[in-house]
Amino acid sequence: MPIPEIEKPIIKGLIQKDKVIVDGVEVDGTWNAFMIERTQTGYDPTVWDEIANTLEGVTISACWQCGTCTSGCTMREYDPDYSPRRFIDLARKGDKQALVELQNSLWRCVSCQKCTHRCPKGVLVEEVVHSIHHYLLKHGLVKKDPGTVFDELFLDTVIKNGGRISELTLGAAAAKAGMVTLSLKDLINIGAAILKGGLIKDVLRPNRVKNWDKVQKVLEEAMMEEVLPE
């Protein structure tokens with residue numbers, strides 16, 4: 001549409017000609033300026049749809065971008081790029097490239113639930129952010145981050161250890177994955193703490209959940225299923 005003279009100084013990207021004819025009508029003079037068409041492309045609307053159809057991401061559509069989640073976020077003090085509001089905005093636009101560029105921040109949620117409790121629209125923000133991250137991992141758009149690697153190691157240890165954590169197994173797995181270093185000094189300090197706390201039996205022979213074989217089967221079947229919202 002044509003732009004009046006008074007608005008021209010505050011608008012960027014104008015096309016202005018000495019003589020303009022629109023639908024056979026000459027609109028030169030003070031109405032001869034037009035805004036350049038601005039269309040954003042490259043967005044994928046299926047990102048929003050897929051996230052909204054998961055149990056974690058089902059409330060993403062309720063967000064109205066007020067920023068309450070980001071303003072009270074615990075992680076913001078340590079990572080200025082961490083912004084639940086922005087993650088949700090980019091996911092709803094389908095801007096996968098921008099989300100990929102933020103991959104080093106996306107996984108850092110500490111699950112304090114401040115954002116979820118403060119959201120005026122009832123968005124389960126922490127779950128939605130996890131769902132966005134899982135989407136990127138599922139489609140191979142980002143590499144596995146330290147948080148995801150540790151979660152997988154922890155879960156694998158619990159399953160193999162009869163439903164209970166094994167410090168020795170988890171420590172060895174974390175060291176193998178390069179997440180921790182077990183120097184002689186570290187081993188001495190850890191061993192001393194275990195002996196002093198009387199935990200040596202629990203570490204060497206941790207208890208197992210009763211009838212774990214049956215529980216494990218049900219758990220593994222549930223983990224294989226795609227959980228969708230009602």
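**Figure 1. Lining of the largest cavity in this predicted model.** The lining of the largest cavity divides into eleven nonpolar, two polar and two charged residues, where Ala, Val, Leu, Ile, Met, Phe, Trp, Tyr, Cys and Pro count as nonpolar, Asp, Glu, Lys and Arg as charged, and the others, Gly among them, as polar. About 100 Å³ of space lies in this cavity, and of the 15 residues that line the largest cavity, C73, Y82, C109, C112 and C115 are the closest to its centre. A cavity is a set of points, on a 1 Å grid over the protein atoms alone, where a 1.4 Å probe fits but cannot get out, and lining residues have an atom within 4 Å of a point; the points are joined across faces, edges and corners, and a volume is the space filled by probe spheres set on them. Helices (H or I, at least four residues) are DSSP runs, numbered from the N terminus.

The model is predicted, with local features needing pLDDT of at least 70 and side-chain atom pairs counting only at pLDDT 80 or more, while totals for chains, interfaces and linings use all residues. Residues are numbered from 1 along each chain as its sequence is written, and side-chain values use heavy atoms, with hydrogens and water left out.

**Figure 2. The second largest cavity.** The structure holds two cavities of 30 Å³ or more, and about 80 Å³ of space lies in the second largest cavity. Its lining is made up of 13 residues, of which C63, C66, G67, C69 and C119 lie nearest the centre. By class, this lining has eight nonpolar, three polar and two charged residues.

**Figure 3. The second largest pocket.** A pocket is an open set of grid points with protein on both sides within 12 Å along at least five of seven lines. The second largest pocket holds about 320 Å³ of space, and of its 14 lining residues the closest to the centre are E167, L168, G171, L182 and I190. Helices α9 (167-176) and α10 each supply at least two residues of the lining, with α9 giving the most, five residues. The lining of this pocket divides into ten nonpolar, three polar and one charged residue.

**Figure 4. A nonpolar patch on the surface.** F150, F154, M179, V180, L182, L187 and I190 form this patch, with about 560 Å² of accessible area together; helices α8 (146-160) and α10 (184-196) each give two or more residues to the patch. Such a patch is made of residues with over 30% relative accessible area and no salt bridge, nonpolar side chains (Val, Leu, Ile, Met, Phe, Trp, Tyr) being joined within 5 Å, and the areas come from the Shrake-Rupley method with a 1.4 Å probe.

**Figure 5. Salt bridges.** The structure holds six salt bridges, each a side-chain nitrogen of Lys or Arg within 4 Å of a carboxyl oxygen of Asp or Glu. One of them joins the side chains of E50 and K138 (3.2 Å, N to O), linking distant parts of the chain, since E50 is in helix α1 (residues 46-52) and K138 in helix α7 (residues 125-138), 88 residues apart. Another joins K160 and D156 (3.2 Å, N to O), which are four residues apart in helix α8 and therefore separated by about one helical turn.

Methods. Patch = residues over 30% accessible without salt bridge, like charges linked within 9 Å, V, L, I, M, F, W, Y side chains within 5 Å.
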